[in-house]
Structure formats: C-alpha cells, structure tokens
Amino acid sequence: MTDFDTIDDLPTDKRVLVRLDLNSPVEDGEPQDNRRFERHARTVRELAEAGHRVVLMAHQGRPGRDDFTTLAGHAAILADHVGRDVAFVADTYGDEALDAIDALGAGEVLLLENTRMCDGELPKESPEEKAATEFVETLAPRFDAYVNDAYSAAHRKHASLVGFPLALPSYAGRVMETEYEANTAIATREFDGPVTMVVGGTKATDVIGVMDALDEKVDRFLLGGVAGELFLRAAGHPVGHDVGEMDLFDEQWERNRELIESVLDERGDAIRLASDLAYEGPDGDRAEVAVDDIDEKTEGYLDVGPETVADYEPAIRESDAVFVKGALGVFEDERFADGTVGVLEAIAETDCFSVVGGGDTSRAIEMYGMSEDEFSHVSIAGGAYIRALTGEPLPAVEALEAAAKRE
Ligand SMILES: Nc1ncnc2c1ncn2[C@@H]1O[C@H](COP(=O)(O)OP(=O)(O)OP(=O)(O)O)[C@@H](O)[C@H]1O
Ligand SMILES: O=C(O)[C@H](O)COP(=O)(O)O
C-alpha cells in the first residue's frame, strides 16, 4: 500500500515528464549497461505504449568527477532495453530542448541532457525554491504530468526530484513503486538470528552514517572498499588516505573522522576489518599484503585479500539476514573481484534473507555468473536503499505523497 499515485492512475495520451536514475559506471567516457536501464525500460515502454509523449530526465555523476558526462550514450543503451527509439537532445530546458519536446509525437521518447548540468538542480534549497527555479518553471508548463521512477535518487532533494511534484500532477513509475514496497518492508522486518551488513564501495560518507543509524539492528559489519580502509586508518593502520592522483579518502576522512572513531569505539566488537589487501603489483598482476605488514601506503588498495574473505564467509553462513551495500573491491577489473564475488557467492549459497543494494554493486551479480534469483531482493538503489533500512524519509517519496494529498 503506497500513499502516492502510480502510473496506473495516469490517464492516457498525456505529455509526461519522467525522472529516471540512469547513473552508471563510466569507462573510457562511456556509460556501462547495468540493471538500472533494464528496470526503467519497463516504465518507459509502458508509458510509450499508452500513447504518451515521454520526455526523460536523468543525471550522471557529480560535477568535478570523471563520471560527470553527457547522457548521449545512455539514450542508446536505454533504446535497446525499451525496444524503441530514444531520441537525445544535448540540452535540458533551453530552446533546443523545448523545440525537441514540442516536436515529439504520441508514443515517442526523448531523453534530455544530464540534469546536474542545470544551474537549478543541485543547490541546497527547499522544494518550494526548487519549484521556483528557471529549470522547473520553464519545463513544467509543457507537461500534463510528472512521473518519478528514480527511487535510487529519492534521498536527494534536487529540483528534478522535489521541484516538479509541486508544479504538476505526480505519479510513481514501476521502479519507484516496487523498490519502495520492497525496501520499506525490509525496514520493518524482524529476524531471529544474527543480521550482517557488508559495507564497501566508494560512498563512505553515506555508509558510515548508516552504520551508526543501524547500530541496534545489525549484529555484524563486514567492511571493505573505501569505508573499510577509513576504519583501518581509525584503528591505527597507515592506510585510508589518498596517494598520487587519488581523490577518495582524505576528504571523506575529514568529513567523517569523528563519527568513524565513535562508531569504532562503541561497536568495535561488531566491526570486522580486512586483514589483507590487494593491489596492482609492478608486473600488472594482483599482489597481496597483510595489513599488519603495511608500514606506509604507497599503493592504491583495490580489493580485500583471501584471508579477509575466509574470515567473512563463516560470519555470512551463520547469519539469518545479510544486507550488502557497496563492493569490497574494484570488481569491474577481474583481478580485483575476489572479495566482492567471494562474499556474494557465500550469500548466494545460504538460505538467509539477503538484499544486495547499489547501482554499481548489483552489477557484479551477472558479471560473475550469479543470478538475481539467488538473493531475496536486488535493489538498484544504493543511498536510498540504506536510508530506507534506517527508516529515514526519502524527500522525493515525500514529494510524491504530498502531491497525491493535494489532489
Ligand atoms: N578500494 C576501492 N577503491 C576504489 N573503488 C572501489 C574500492 N572498492 C570498491 N570500489 C568501487 O565501489 C563501487 C561500488 O560502490 P559505490 O559506493 O560507488 O556504489 P553502489 O554501492 O553500487 O551504490 P550507489 O547506487 O549508491 O552508487 C564499485 O564500482 C567499485 O569499483
Ligand atoms: O547512483 C546513485 O546512488 C544515485 O544516482 C545517486 O547518486 P549521487 O550519490 O551522486 O547523488
């Protein structure tokens, strides 16, 4: 039961503005296909088949990062999944975008440029201020309805997520609806045995806050990735800082240092850290080192080592529920996939309740020959999924609920 309207409530033949989350891993400047395209394709196909004029908004990366790119490549990948053309315009609400929107016929689909390239999208403002941005005020009058399918971005208060629901009748797409139902149900579920959370990835700031909030609910945290290294740093090891060109650790350390230290202090017995790490050796092969033997960080550590996996596996086997947020290493590179794959395979082999979350992380399942069916739920959301687990409200969901009440 949801408190917002869904596309089942949307009349046919409308001009519909749809927010998707196509944020994807980018390799050599090109977005990589992943579960988000496949899942959103269902909503887009359904809207197009109902005769709507379908205009899509989405974001990619964050300004200043390497993955902050155009959405041109995303349109082509999405078209393959939808099974019909997805036109692309390299503009969000300027004349070029407005002309392309006006020219759209019934059942046609158009993707606008990266929303994070618009001035009004990101600044921290209230939903009312977002609704008053030039971005929202220019686009909204061209549409009859707004559909939000971007559950995985629902924890962000950006204009494309919370501004449009104040300006247009608003509906949830299929991904929003199913992810909301699955993740909200998890938050209220009780487990008889131990609950374990595997924490990794690059968005340490997101996951550390959640570790703190889930204190009561989770019995054991198994750490890897960037957060894992930051906790090793807090435990006194000379790792968890940037070396060379790296830009993953120092800023997140400064921002979270106090919280990491207090979480480690209060829940140290529940937190397992890597005992060995892997890096790229001089000949390009995977090399491994015991954490206790590291005197100085001179390498980027790209995975946890085999001893760590051997330590984590029994903890998983004994669990009644396992939640995964973030990969334990750079699994996209086969040399550094062992930690992530080892842990996912251990989860797949047990019959515990299991949820794998994260747009990037969930990609490892197919890449390494596992199946979605081996897990209770595979969420394409990262930050929104872990916030849902803590029961924290999601601003974009609240905006849909407020829109439904208004009508
Ligand atoms: N030690 C590491 N150094 C650099 N990158 C790492 C490391 N460990 C894991 N990663 C990267 O973390 C990424 C996955 O985590 P990330 O936090 O970016 O996203 P996610 O969990 O999939 O969720 P979201 O949907 O929030 O993006 C993987 O692409 C992997 O390459
Ligand atoms: O990939 C995600 O988790 C969402 O698209 C949100 O991206 P963000 O963390 O850059 O806001």
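In this predicted model, the shell around ligand 1 comprises six nonpolar, ten polar and five charged residues. Altogether 21 residues surround ligand 1, and the closest are Lys325, Glu332, Gly359, Asp360 and Thr361.

Oxygen atoms of ligand 1 take part in several polar contacts with the protein, including those listed below.

| Residue | Protein atom | Distance to an oxygen atom of ligand 1 |
|---|---|---|
| Thr202 | polar side-chain atom | 2.8 Å |
| Thr361 | polar backbone atom | 2.8 Å |
| Gly382 | backbone N or O atom | 3.4 Å |

Ligand 1 would expose 650 Å² if taken alone, and the protein buries 91% of that area.

The report now turns to the sheet. Strands of a sheet pair through backbone hydrogen bonds, in either a parallel or an antiparallel arrangement. Here, six strands form an open sheet with parallel pairing, in the order E5-E6-E4-E1-E7-E8. Strand E5 (87–88) and strand E8 (170–172) are the edge strands, each pairing on one side only. Within the sheet, strand E1 (residues 15–19) pairs with strand E4 (residues 53–57) in the parallel sense over five bridges. Arg19 has Met57 in E4 as its bridge partner.

Helix H1 (residues 35–49) packs on the sheet, where it touches E1, E4 and strand E6 (109–111). The direction of H1 makes about 155° with that of E4. Helix H15 (residues 395–406), for its part, lies across strand E7 (145–148) and E8, and runs at about 125° to E8.

Note on methods. Residues are numbered from 1 along each chain as its sequence is written. Chains are lettered from A and ligands numbered from 1 in the order in which they are written. This is a predicted model: local features need pLDDT of at least 70, side-chain atom pairs count only at pLDDT 80 or more; totals for chains, interfaces and linings use all residues. Side-chain values use heavy atoms; hydrogens and water are left out. Two strands pair if DSSP finds at least two bridges between them. Helices (H or I, at least four residues) and strands (E, at least two) are DSSP runs, numbered from the N terminus. Contact means heavy atoms within 4.5 Å. Axes are lines fitted to C-alpha atoms, for helices over the stretch in contact, and angles run from 0 to 180 degrees between N-to-C directions. A residue is near a molecule or strand if one of its heavy atoms lies within 4 Å of it. A polar contact is a pair of N or O atoms within 3.5 Å; within protein, one must be able to donate a hydrogen and the other to accept it, and residues adjacent in sequence count only if both atoms are side-chain atoms. Accessible areas come from the Shrake-Rupley method with a 1.4 Å probe; for residues, only the protein chains shown count as cover. Ala, Val, Leu, Ile, Met, Phe, Trp, Tyr, Cys and Pro count as nonpolar, Asp, Glu, Lys and Arg as charged, and the others, Gly among them, as polar.
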